[in-house]
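Thanks for coming. I have one structure to go through, so please have the sequence and the model open.

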Amino acid sequence: MSQPISPLPDRGPTGRRTAKGPLSGTASRRVERPAPLRQVVYEALAELIVNRTLEPGQHLVEADLAEYLGVSRQPVREALQRLQTEGWVDLKPAQGAFVHLPTEEEADQLLSVRSVLETHSAKLAAGLATPEDVKRLWELQNEGVEALAAEDIERLVAANASLHAFITELSGNTVLAELIGLVDRRVRWYYTPIARPRGRDAWYEHAQLIEAIAAKDVVVAEEIMTKHTERTRQAYHERTQAPPA
């Protein structure tokens, strides 16, 4: 059995938070094999960024990450390079790796594209959904409502993603599903800090959307999803103005 990770200061020489801070307060997450190690490490680090265990702007120390994941530094280094290529990590000369700090413009562009894609998805789903599909939508809705009541942010974000993904599946458009899949992980990254303040309104809107899909009302489903995604975009931009919870 591996030895517990000794606590390290939360901030490095530059004053930035290091990867050790938030990791030291959680149980080690040993990566599973036999999947290619570089891929597993990449997925593990990407998920830590998406759920904001590793926060935007945070200094990423290879040794700390390797110890946390129970691997050598080489696959961590490879994963960080891939994450940098995909825009999740910034590699700065003489400073090291940092979680990318998204600009308001970046978020706005992605959430606007997401709105277009998901609005079309809801429109198609309303025309194709069966009673069994609607039953499954309500099950996913209940999962989100329960997560909201429990104030479980990680579960809430996952439930939101699952509901939207199923609506995309119901659209029957594989190209649309592929395009939405490309932005899904980043949408979850942006959604995490607003999942709680957006919660009640978002899940009420989900219920309205499911009712429209059940009624096969294509026009209303499209309108609801347009407003729903736009409110999420606005909530992201307003998040820094909100008082502490």
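First, the ground rules. This is a predicted model, where local features need pLDDT of at least 70, side-chain atom pairs count only at pLDDT 80 or more, and totals for chains, interfaces and linings use all residues. Residues are numbered from 1 along each chain as its sequence is written, and side-chain values use heavy atoms, with hydrogens and water left out.

The protein chain has 10 helices and three strands; here helices are DSSP runs of H or I with at least four residues, strands are runs of E with at least two, and both are numbered from the N terminus. Read from the N terminus, the order is α-α-β-α-α-β-β-α-α-α-α-α-α. Of the 245 residues, 44% are buried, meaning under 20% relative accessible area with a 1.4 Å probe, protein chains only. The chain exposes about 12,900 Å², and carbon and sulfur atoms supply 54% of that area. Take the contacts (heavy atoms within 4.5 Å) between residues at least 6 apart in sequence: 75% of them join residues at least 24 apart.

Now the helix pair. Two packed helices are described by the angle between their axes and the distance between the axes. How do the axes of α7 and α9 cross? Helix α7, residues 153-170, and helix α9, residues 195-214, have axes that come within 12 Å and cross at roughly 25°. That makes the two helices roughly parallel, the label for angles under 35 degrees. The contact involves Ile153, Leu156, Val157, Ala159, Asn160, Leu163, His164 and Ile167 on α7, and Ala195, Arg196, Trp203, His206, Leu209, Ile210 and Ile213 on α9. By class, that is 11 nonpolar residues, three polar and one charged. Nonpolar covers Ala, Val, Leu, Ile, Met, Phe, Trp, Tyr, Cys and Pro; charged covers Asp, Glu, Lys and Arg; the others, Gly among them, are polar.

Glutamate 118 sits in helix α5, residues 104-128. Why does glutamate 118 count as buried? Because its relative accessibility is 6%. Neighbours within four places in sequence aside, glutamate 118 contacts His164, Ile180, Met225 and Thr229.

Last, histidine 59, which lies in strand β1, residues 59-60. Histidine 59 is buried as well, at 14% relative accessible area. Its C-alpha atom is 7.4 Å from that of glycine 96, 37 residues away along the chain.

Technical notes
Axes are lines fitted to C-alpha atoms, for helices over the stretch in contact, and angles run from 0 to 180 degrees between N-to-C directions. Angles under 35 degrees count as roughly parallel, over 145 as roughly antiparallel, 65 to 115 as roughly perpendicular and the rest as oblique. Buried means under 20% relative accessible area, exposed over 50%, partly exposed in between (1.4 Å probe, protein chains only). Accessible areas come from the Shrake-Rupley method with a 1.4 Å probe; for residues, only the protein chains shown count as cover.
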